[in-house]
Amino acid sequence: MKILVAIKRVADYNVKVRVKADNSGVDLANVKMSMNPFCEIAVEEAVRLKEKGIATEIVAVSVGANTAQEQLRTALAVAKLLKAVVDKEQPQLVITGKQAIDSDNNQTGQMLAALTGFAQGTFASKVEVSGDKVSVTREVDAGLQTVSLNLPAIVTTDLRLNEPRYASLPNIMKAKKKPLEVLTPDALGVSTASTTKTLKVEAPATRSAGIKVKSVAELVEKLKNEAKVI
């Protein structure tokens, strides 16, 4: 089985991002960039499937500028570009993070499934492959839902699927020697012209300090007369 894992380069989750002065976006100058945490989980799940002997090959793909190679080598933008790569690689299973922490769109896996016609299991907290099927336990509002999908399929990962391991220094050095194929959108026959326009980006409002109340009656009074939520 070949598994394709899609990863994204984002601002490190420990970084406090700043909005540009003209409100056109987030200022990424001199900001530490890392692999999207949900994508780390996707990579870890693919590696575990390979360690179990279920997967024979893992292909990692990232869409972005040359700077995305850093995150791609750690793993050793659009759904149309990913679809073109899927057509080229013909994987039996595609694993992606459920969303990226920069834009939180939660859409790439679903769009890719629509474009490829593959079955999809989103928000996965457990994945089991058996023969030509994959069982995906999904985290939904009402609890857990388990679906059985025919391969090929697309799975998007939730936080509780696994805990990614740290890359060891020897493996990091080995990854630097791995082949890296760079493809342009034009070579894949895909247009990357955006149909979305960002009107304005604003930092979240500063939260005021909380207060302590001495009794339930005082709490109810403040919720009713000050916060006006009851």
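Where does proline 152 lie? I found proline 152 in the loop between β10 (143-150) and β11. Helices (H or I, at least four residues) and strands (E, at least two) are DSSP runs, numbered from the N terminus.

**Ground rules.** I am reading a predicted model, in which local features need pLDDT of at least 70 and side-chain atom pairs count only at pLDDT 80 or more, while totals for chains, interfaces and linings use all residues. Residues are numbered from 1 along each chain as its sequence is written, and side-chain values use heavy atoms, with hydrogens and water left out.

**The peptide bond.** I looked up the link from leucine 151 to proline 152, and this peptide bond is cis, with omega near 5 degrees. Most peptide bonds are trans.

**The core.** Next I turned to the largest nonpolar core, which has 24 residues. Such a core is a set of buried Ala, Val, Leu, Ile, Met, Phe, Trp, Tyr and Cys residues joined through side-chain atoms within 4.5 Å; buried means under 20% relative accessible area, exposed over 50%, partly exposed in between (1.4 Å probe, protein chains only). Ile3, Leu93 and Val134 have the most contacts inside this core. I noted that α1 gives the most to this core, with six residues.

**Valine 134.** Leaving aside neighbours within four places in sequence, I see valine 134 in contact (heavy atoms within 4.5 Å) with residues including Val127, Val147, Leu149 and Leu151.

**Positive phi.** Asparagine 106, not a glycine, has a positive phi of about 55 degrees. I place asparagine 106 in the loop between β7 and α4 (108-116), and at 24% relative accessibility it counts as partly exposed.
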